Amino acid sequence: MTHQVRAVVARGKSAPVSLETIVVPDPGPGEVLVKVEACGVCHTDLHYREGGINDDFPFLLGHEAAGRVEAVGAGVTEVAPDDFVILNWRAVCGQCRACRKGKPWYCFSTHNATQPMTLLDGTALAPALGIGAFAEKTLVAAGQCTKVDPAAPAAAAGLLGCGVMAGFGAAVNTGAVGRGDSVAVIGCGGVGMAAVAGARLAGATTVVAVDVDERKLERARGMGATHTVDGTKADVVDAVRELTGGFGADVVVDAVGRPETYRQAFYARDLAGTVVLVGVPTPEMSLELPLLDVFGRGGSLKSSWYGDCLPSRDFPALVDLYLQGRFDLDAFVSETIGLGDVEKAFEKMHRGDVLRSVVVL
């Protein structure tokens, strides 16, 4: 059996997306059919549309999602029909060398559904990050579904599927922010804002938000930033050092992913401090640093993959914190929209008008 559903498709590089009817198969072994309830519009979706990931058009966009399990394939035991789930794009295999070492958040062999979703003419779609959730229904691997408390609204919970988890995890998991630490976050889009919120929740006493957009800095104050720095008006490194006793921050998160912001992060940290790169660079970018400075400043230079999260551990915990009123996921939802509004949402995101537009079905 197959299902014909509405979905957002990107057919060519930088071309506007279109709302089309696609074909989704019933789940096979190890697969799950999910009725999508909400999906955030993430910058990665725009990268796909612009050809910045690869050129495997047509793409089925959307990956930051939550919904209800409609059907499961043979051998699936993790979830059952009607379970409320958040989708993730790093389904842990349990067998690779990282998983065997007890570090499944680094899983080197994550997997997706094996059956393709297609256009009506049979053309296979490439689902964004193996999910493709700007659709009424999507087919994923069972390991891409994490069951959470259904009391959480889908529009908020789904954001944990990508941007919020990436930023929160960059601070808490990768950066290991703890009580009394000083933290600087460079770039206050959705990911950076989640890093600000995560650092504050983890007990950081000084949280410096850095951006070039005053609107984003104002939002960061609402998320827990104790100080803000406008990069157009002040030297970022000097400002962060001044706000941290002249030393620099214990942890600096680069949520932009450009050579210039990484250098700022490197020099804005304290001796033996930690730099966490969670912003995604483009392939042509390169970085040059004096090797003596790398040696002499000590500490750690880390990259954060998906916030080094383990969905089965982190998603339920963060949903519980949300339901307890301790982690305000609602604050990330700037607007709710329909499937036909994704192109306009890309324009708003590009202008910095929103933290997240969320498609609600």
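Contact, as the word is used on this tour, means heavy atoms within 4.5 Å. The model is predicted: local features need pLDDT of at least 70, side-chain atom pairs count only at pLDDT 80 or more, and totals for chains, interfaces and linings use all residues. Residues are numbered from 1 along each chain as its sequence is written, and side-chain values use heavy atoms, with hydrogens and water left out.

**First stop: Met-285.** Select Met-285, in the loop between β15 and α9 (291-297); helices (H or I, at least four residues) and strands (E, at least two) are DSSP runs, numbered from the N terminus. Leaving aside residues up to four places away in sequence, Met-285 touches Gly-257, Arg-258 and Pro-259. Between Met-285 and Pro-259 the C-alpha to C-alpha distance is 7.0 Å, although 26 residues separate them in sequence. Met-285 is partly exposed, with a relative accessible area of 25%; buried means under 20%, exposed over 50% and partly exposed in between (1.4 Å probe, protein chains only).

**Second stop: the sheet.** Display the open sheet of six strands, ordered β13-β12-β11-β14-β15-β16 with parallel pairing; two strands pair if DSSP finds at least two bridges between them. At the edges stand β13 (227-230) and β16 (300-303), each with a single partner strand, so one side of each lacks a neighbour in the sheet. On average, neighbouring strands of this sheet are turned by 15° against each other, direction ignored; axes are lines fitted to C-alpha atoms, for helices over the stretch in contact, and angles run from 0 to 180 degrees between N-to-C directions.

Next, select β11 (residues 182-186) and β12 (residues 206-211), which pair in the parallel sense over five bridges. Val-207 in β12 is the bridge partner of Val-183.

Helix α8 (residues 259-268) lies across β11, β14 (249-254), β15 (269-277) and β16, and runs at about 150° to β15.

Move to helix α4 (residues 163-174), which is mostly covered, with ten of its twelve residues buried. Among the buried residues are Gly-163, Met-165, Phe-168 and Thr-174. The cover over the buried residues of α4 includes β5 (64-72), α5 (190-201), β14, β15, β16 and α10 (311-323). After α4 comes Ala-176, with a positive phi near 50°.
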